[in-house]
Amino acid sequence: MDRYLVFGHPVRHSKSPFIHTLFARQTQQELEYGLAEPAVDEFAQALRTFFDQGGKGCNVTVPFKELAFTLVDCLSPRAKRAGAVNTIKLTNDGVLLGDNTDGAGLVADLKSHGVTLADSRILLLGAGGAARGALAPLLAELPSELVIANRTHTKAQQLAAEFHDLGPVTAQTYEQLAGSFDLVINSTSASLQGELPPLAPALIHTDIAIYDMMYGASDTAFISWAKQHGARQTMDGLGMLVEQAAEAFTVWRGIRPGTKQVLRELKRNLGVI
Ligand code: ATR
């Protein structure tokens, strides 16, 4: 049977085996999908061993995405842009192809929620790996403006300069942010510590869409905060998780699974519904 897995550390609580097992059942593909949690300095060897022993493909998550970028034989254009790899496929020619499906997953989830990206004014909070992966796919949707704000302003400036050729992207400090945004995407890890990015409440209005790439059994700190200040449309990163997985499954198997039912089952599994 074709073997796949996700590499991460820690990865025990990963939902990827659950999601891919449902995708395989739905599309009648014979495969098994597991977990691997190598020590940080043993990832390269573990990756090699997995493919030497017949593995067909894998996902890569925190903290290995940047390292995976350096270990594959070739990169998809979107992985090159993201500077990180979350999906690896062993091609029929024996080549390890590195891809990145995170940004495509974000855009697919935003669209499935009916969020319009074309001509919209987008605020992206954070300038780490998650923000980097999202930039090219977001700019490909032709927003009128994309502003990056980050606690460490120089990192936002660097990212804006790097992606400037793809669209109207600029960097502003949190204090500089003004005017009406249509969509705010939180790519910071602040919610992990129960913290909030230092965003002025005045930026939140009833017609704004709020997206937090994090998720949990209850609202993230950022989503709770946005709701308190009047946001009516809020979304967490669970849908992005399922959509990036569907994109990875498509890369591996050449068949695109449906995501709606799988997302519903995942929510049930997490106790969200
Ligand atoms: P990831 O790969 O998930 O993006 P990362 O590269 O460590 O993780 O980036 C984390 C992002 O969250 C950074 O933009 C970080 O801001 P700094 O560049 O200033 O470190 C941001 N971040 C983390 N905690 C935050 C907090 N409490 N408030 C605001 N931003 C925060």
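Ser 16 is in contact with Val 6 and Tyr 33, leaving aside its neighbours within four places in sequence. Contact here means heavy atoms within 4.5 Å. Ser 16 lies in helix H1, residues 16-27. Helices (H or I, at least four residues) and strands (E, at least two) are DSSP runs, numbered from the N terminus. Ser 16 counts as buried, because its relative accessibility is 7%. Buried means under 20% relative accessible area, exposed over 50%, and partly exposed in between, with a 1.4 Å probe and protein chains only.

The model is predicted: local features need pLDDT of at least 70, side-chain atom pairs count only at pLDDT 80 or more, and totals for chains, interfaces and linings use all residues. Residues are numbered from 1 along each chain as its sequence is written, and side-chain values use heavy atoms, with hydrogens and water left out.

Two strands pair if DSSP finds at least two bridges between them. Strands of a sheet pair through backbone hydrogen bonds, either parallel or antiparallel.

Strand E5 (residues 87-90) and strand E6 (residues 96-99) pair in the antiparallel sense, over four bridges. Leu 90 stands opposite Leu 96 in E6. Axes are lines fitted to C-alpha atoms, for helices over the stretch in contact, and angles run from 0 to 180 degrees between N-to-C directions.

## The parallel sheet

Another open sheet of six strands has the order E9-E8-E7-E10-E11-E12, with parallel pairing. Its edge strands are E9 (169-171) and E12 (233-236), each pairing on one side only. The twist averages 20 degrees from one strand to the next.

Three bridges join strand E8 (residues 145-149) to E9, and the two run parallel. Leu 146 has Val 169 in E9 as its bridge partner. Helix H6 (residues 129-139) lies across strand E7 (121-125), E8, E9 and strand E10 (183-186). H6 runs at about 170 degrees to E8.

## Two nonpolar cores

A nonpolar core is a set of buried Ala, Val, Leu, Ile, Met, Phe, Trp, Tyr and Cys residues joined through side-chain atoms within 4.5 Å. The largest one has 27 residues. Among those with the most contacts inside it are Leu 106, Leu 146 and Tyr 211. Elements that give two or more residues to this core include helix H5 (102-112), helix H7 (153-163) and strand E11 (209-212). H6 gives the most, with five residues.

Beyond its neighbours within four places in sequence, Leu 146 is in contact with residues including Leu 135, Leu 138, Pro 168 and Val 169. A second, separate core of 20 residues includes Leu 31, Tyr 33, Val 242 and Phe 249.

## Charged side chains

Side chains of opposite charge can pair when their charged atoms come close. The structure holds twelve salt bridges. A salt bridge is a side-chain nitrogen of Lys or Arg within 4 Å of a carboxyl oxygen of Asp or Glu. Here are some of them.

| Salt bridge | Closest N and O atoms |
|---|---|
| Lys 111 and Glu 141 | 3.0 Å |
| Lys 227 and Asp 219 | 2.7 Å |
| Glu 247 and Arg 256 | 3.0 Å |

Lys 111 is in helix H5 and Glu 141 is in the loop between H6 and E8, so the pair, 30 residues apart, links distant parts of the chain. Lys 111 is partly exposed, with a relative accessible area of 44%. Glu 141 counts as partly exposed at 22% relative accessibility. Glu 247 counts as buried at 16% relative accessibility. Arg 78, Asp 99, Glu 247 and Arg 256 are linked in a network of salt bridges.

Arg 121 lies in strand E7. Is Arg 121 buried or exposed? Arg 121 is buried, because its relative accessible area is 17%. The side chain of Arg 121 makes a polar contact with the side chain of Glu 145, at 2.7 Å. A polar contact is a pair of N or O atoms within 3.5 Å; within protein, one must be able to donate a hydrogen and the other to accept it, and residues adjacent in sequence count only if both atoms are side-chain atoms.
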